[in-house]
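Here are my notes after a pass through the coordinates. Have a look at the structure first, then go through the points in order.

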Amino acid sequence: MATTSYRVERWTRQSRLFAVIIALVLMVLAIGPFIFSADITDRLTTLFVYVILAAMWNAMAGYAGLVSIGNQVFIGLGGYFLIRLSDAGVSLYPAVVLAALIVGLIALPVGELMLRLRGGEFAIGMWVLAELSHFLVNLDPVIQGETGTSLTALNAYPPVAARNDTYWVGFVLMVVLLAVVFALLRGRVGAGVQAIRDDEVAAASVGVKVHAGKRIMFVLAAIGCAAAGGVWLATTISFQPGTFFGIQWTAYMLFMALVGGLGTFEGPIIGAILFFIMESWFGATGVAYLIGLGVTALAFSLFLPRGIWGSVETRLGIRLLPVGFSLRLVNPDGGRDRD
Amino acid sequence: MKKNKVFLESIKNSAPKNSTPQAGVSRRGVLGAAGAGVAASALSRSAYGQTMAAAGPANTLKIGFVSPRSGPLAGFGEADPFVLGLARQKFASGLMIGGKTYTVEIIDRDTQSDPARASQLTKDLINNDNVDMVLATSTPEVTNPAADAAEAAGMPFLSTVCPWESWYFGRGAKPGQPSPFKWTYHFSFGVAQFATSYLASWDTVPTNKKIGVLSPNDADGQAIRAHLFPLLANAGYTIVDPGPYEDGTTDYADQIAQFKSAGVQIFNTFPIPPDFTTFWRQAAQHGLTRQIRIAEIAKTGLFPSQVEASGSLGYRLAAAAYWHKVFPYASPITGLDGMKLANAYETASGKQWQQQLGMSMALLDAGFAALSQSGDPKNKAGLAKTLSTLKVVTTCGLIDFTTGPVPNVAISPLLNGQWLKAHSGPYKLSYVLVDNAEDHNVPVTHKLLPYH
C-alpha cells in the first residue's frame, strides 16, 4: 500500500489567474462612466442591481436553504425608505445606504418570526410579508397609494452627474455585497449554513448554530435587496409601489439563480448577465419574451438542474473563486485533483 | 391580426440600426465590450445604435412616442399606429422650422403596460436614439415613469391622458411650492373637469339628487373621494358612500343593499373596468338598476369594447369623454377635423372610432407645434421653454400652458357623453355627447337620457 501524500488547497493556479482577471474587470468597471457611453453606463447600473439581487437570493436559497418568493419586500422597502429619507432632506446617495441599513434593522425582528417557518411555509410567508408591506407603504400619504411618487431629489443633479454617481453607488454596493457573501461563505458561517441547507437536523446535531446562521443570511439578503431597490429607484426615479413590491422580482431572482447555478458563488452572477442579455435582446417582444424566460428556466431545471455554473463545476472541476477547498493528491503516477 | 402587426412593429423598432460598426465611431462600443465581458454582446448593439445616431445629420428631428399597445392598457394604444401613420405621411417630405427643413422621424415604443418598461424605453429613446423630444400618453403607468426619465435626462417632454393631479402631485410636486420640473409638461383633465361635466348634464334628468358612489381603495378612488364628492355635495347632491372597497372585489351585496335602502337615483363609480362589469350585473340581479336614473361611470366606459362587456345593461351608461368625433377642431398637422379623423380611422382599421384617437392626435399636434414655435428645435432648453408657454389649438381644442392650475400643466376639457344602442351602422353602440360646459365650441348633439 503506497502512501499517498496530499495537499489541501484553497487557491488553485486557475483561481489565482481568474482573480487577476476579475480584478482587471473591476478596475475597468470602476472607471466605467469615463469610457462607456451614457446608455451603457445606465444599463450596467441595471446589471449591477440584477447581480446583487441574484447573489442575495442565492445566499438565502442556495446556501442557507431559505427559499423565498417574497424578497421583493426588501426591494420595495429599500425604495420606500429612500423616498422617505430623501423627503426628509437626507442627501441622495448616503440615503441609499442608510435605507438599506434600516431595512436590515427591520429584518432582525422580522427574521426572528419568519425563520420559525420551514420550507414552503417560509416561502409563502415571505410573499405574505411582501404584500403586507406593500399595503402598509400605500397608506403613507407621501406615497399616495398606487400612484406612488418620484425621487425628485435627483432632479437637483445635472443629468450626467446623476447617471454617473448612480453607477458608482451601484458598482460599489455590488462589489461590497459580493465581497461580504464571499467572505461569509469561506468562513465558519458558510460551512454552517451549507450544512443547514443539506440537513438542518443533522447540522444542529453536530453543533452548527442553525438559527444564527440563517439569521445572518436573512439579514444580509435584506440589506442587499434593499440596496438594490434603492439603486434601482435612483435609475428609474418613479416609485410606484405595485412595481417595487411586484412578484416579478421573485421570478427574475429565481431565473438568475437557477439558470446560473444555485449554491455556487459564480452562478448567480452568470445568471444575472444572461438574464440581462435576454432582457436587452428580447424584452421588446413582450409576451414571447416572458414565455421564453419561463421555458428556459423550465429546461434548466429539467435538464441542467445545477444550472450553468453548477454543471461546469462538476464536469470540469473548475473553481474560479474558491469558496471551498480542493484536496490535491500527490502520488507518483500523477493522480487527478479531487475536491 | 392587429396585435401581430403591433408586435412586428415593435420588433422592427428594436432591431439594430446598423449591425456593422463604423470604423472610428465604434471605439466606445468596443471598450464597453472589453469591460463588460459577456454582457458586451447585449450592450454593443445599442452602442452602435448610438454612435450611428450621433453621426447622423443635424437636420433630422427625432421624436419619441411612448404609449401602451399591449397588456391591460392596450385599449388606449389601439389607434396609435393609425395616428402615427398620418403624421409620418404628413412629414414624409420634412418639416420647415426657422427657414431650415428637417427630416422627421417618429420612433414609437410600446410600454406593454409596464411602468418599469416605460422608464427604460424613455431612457433608450434619449440615450440611444438621441431623440429631440419625447411624447407619452395614457395613464399614470405610462406618463409618470416616462416623464421622470425625461426630467432626469434634461429632455423636453409632453404627455397627456392622465388626470393632471396624478401626474403633477404623483411625481412628488408639493401643493403651494414651486414646480420641481423643468423639462416635463402635461395637458389633461383633472378632478374639477369631472364635476363641471357631471353637474352640467345631470340636471336634464329629474332625480332625487341622491348619488350612490362606488369608489375603490386605490389612488384614483381615494383622490375622487377626497376631491370630487365634496364638489358634488356642495352643488346640492346627497352622497351615499358605502366606503372604499378593494380592487378585484367579487361580491357587492352590501353596497347594493345600502344604495337600495337609501333610494339613490344616480350612480357614480371609478372602478377598474372588470370590477364594473361584475358590479353592474349584480346590481341588475338585485334590482338596483331599475331605480337608477343616471348611471355615470368613469375610468371604464371609455372605449366601445368596455361597454359591450355589459351587454344590454351597457345601453344608456353615461361616461365623460376627453375627445369626441364631433369636436370641430382640425388638427394642425393633418388638417382633419374630428369627424374626418374618426371616419378615416374606421375606414382604415375596420374598428369603431374611440376617444383616444383624438387625444393621441392632439399630443402630436401640440408636440409639433412646440417644435415649430421654438424656432430651433435642436435647442433643448429653448424647446422646454416653448412648451412652458405653449398655446395652440389641437384636435382636442385649445391647450394653453399660460393659464394652467400649476406650472407645467395645461387643462384640456372633459365633456359628458352617453352610450346608446346603435340603430344603424355596423357597430352595436353609439357614443353621443350630452354636455359642452367645458368647451362651448363643441356641439351637443343629444340630451342625457334616463338610464331606466
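**Notes on chain B**

1. Let's start with a loop. B:Ser113 sits between β3 (100-110) and α6 (115-127) of chain B. The backbone there deserves a look: B:Ser113 has a positive phi of about 60°, and it is not a glycine. For context, most residues other than glycine have a negative phi. B:Ser113 counts as buried, because its relative accessibility is 13% and the cut-off is under 20%.

2. A second case of this kind is B:Asn130, found in the loop between α6 and β4 (133-137) of chain B. Its phi is also positive, about 50°, although B:Asn130 is not a glycine. Buried or partly exposed, then, for B:Asn130? At 29% relative accessibility, B:Asn130 counts as partly exposed.

3. Before going further, a word on confidence, since this is a predicted model. The scores are ipTM 0.81 and pTM 0.83. Chain B has a mean pLDDT of 86, with 87% of its residues at 70 or more. The stretch to watch is residues 1-56 of chain B, where pLDDT stays under 50. The model still has 73 contacts beyond four places in sequence for that stretch, but where pLDDT is low, the predicted coordinates should not be read in detail.

4. Now the overall make-up. Chain B has 16 helices and 16 strands, and 58% of its 452 residues count as buried. Of the contacts in chain B with a separation of 6 or more, 72% are between residues 24 or more positions apart. The chain exposes about 16600 Å², and carbon and sulfur atoms supply 55% of that.

5. What covers β10(B), then: is one face buried, or are both? Both faces are covered, with B:Ile294 and B:Glu296 buried on one side and B:Ala295 and B:Ile297 buried on the other.

6. The neighbours of β10(B) come next. Strand β9 (residues 266-269) of chain B pairs with β10(B) in the parallel sense over four bridges, and B:Thr269 has B:Ile297 as its bridge partner. Strand β11 (residues 318-321) of chain B also pairs with β10(B) in the parallel sense, over two bridges. There, B:Glu296 stands opposite B:Ala318.

7. Last, back to strand β3 of chain B, which holds B:Thr101. B:Thr101 is partly exposed, with a relative accessible area of 44%. Leaving aside neighbours within four places in sequence, B:Thr101 is in contact with B:Asn59, B:Ser93, B:Gly94, B:Leu95 and B:Met96. If you want a distance to check, B:Thr101 and B:Val307 are 206 residues apart in sequence and 45 Å apart in space, C-alpha to C-alpha.

Key: Residues are numbered from 1 along each chain as its sequence is written. Chains are lettered from A and ligands numbered from 1 in the order in which they are written. This is a predicted model: local features need pLDDT of at least 70, side-chain atom pairs count only at pLDDT 80 or more; totals for chains, interfaces and linings use all residues. Side-chain values use heavy atoms; hydrogens and water are left out. Buried means under 20% relative accessible area, exposed over 50%, partly exposed in between (1.4 Å probe, protein chains only). Contact means heavy atoms within 4.5 Å. Accessible areas come from the Shrake-Rupley method with a 1.4 Å probe; for residues, only the protein chains shown count as cover. Two strands pair if DSSP finds at least two bridges between them. pLDDT is the predictor's confidence in each residue, from 0 to 100.
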